[in-house]
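Q: Could you walk me through reading aromatic contacts in a model? I would like the general idea before each case.

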Amino acid sequence: MRQFSRLIGMLEETVAVILLIAMSAIALLQVVGRYILTNPFIWTEELTRYALLYSVAFGAGLAFRSGDLVNVDVVCEYLPGRMPWLLRLLSAIATCAMAVYLLSHAWKYVSIGKMQTSPALGVRMDYIHFTVWLMLALLAVFAGLRVLGMLTGTEDGACAELAQKPGLAPTFP
């Protein structure tokens, strides 16, 4: 399970970095086209937006897995005994369940895009709307991996930053 988690994490991270580099290059191309060539490219803004959507789709699962998503754990981590661990487990289960539940609804949204194309690039919008489904699927995978890791004792579900602070490190049940 750890190897699978690492492999999919590295793949997602690589794709997210490539997309961020591509967004920067496309934005630079727009600046060059507008101010140096005085002939702006009409497709760069749209392509940058789509790259951003895909980078968010790939990054959301990674952020959940590493504990970097926004959360309020100040109260949770100061509870006594096993309560912080149980709350983190419940949170991971709820996240996984909600993401799985929303997958079919997101697919309906993706299907609507077959009838539309983007104005500048002419790309079918179902390829763009797919980012919503992809984000939910990857979030479900990483939340499920967290649940499995917590239940098997290979992880405690706490974010890496919290685990490194003395006195705040959560304990296994």
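A: A charge sits over a ring if NZ of Lys or CZ of Arg is within 6 Å of the ring centre and within 35 degrees of the ring normal. Here, arginine 146 lies over the face of phenylalanine 64, 4.3 Å from the ring centre. This is a predicted model, where local features need pLDDT of at least 70, side-chain atom pairs count only at pLDDT 80 or more, and totals for chains, interfaces and linings use all residues. Residues are numbered from 1 along each chain as its sequence is written, and side-chain values use heavy atoms, leaving out hydrogens and water.

Q: How many aromatic pairs does the structure hold?

A: Rings of Phe, Tyr and Trp (its six-membered ring) pair if their centres lie within 6.5 Å; planes under 30 degrees apart are stacked, over 60 edge-to-face, and the rest tilted. The structure holds four such pairs. In one of them, the ring centres of tryptophan 107 and tryptophan 133 are 5.8 Å apart with planes at 75°, so this pair is edge-to-face.

Q: Which helices does that pair link?

A: Helices (H or I, at least four residues) are DSSP runs, numbered from the N terminus. Tryptophan 107 is in helix H4 (residues 83-112) and tryptophan 133 in helix H5 (residues 125-152), 26 residues apart, so distant parts of the chain are linked.

Q: What arrangement do phenylalanine 130 and tryptophan 133 have?

A: Their centres are 5.5 Å apart and their planes at 25°, so they are stacked. Both lie in helix H5, three residues apart, about one turn of the helix.

Notes: Helices (H or I, at least four residues) and strands (E, at least two) are DSSP runs, numbered from the N terminus.
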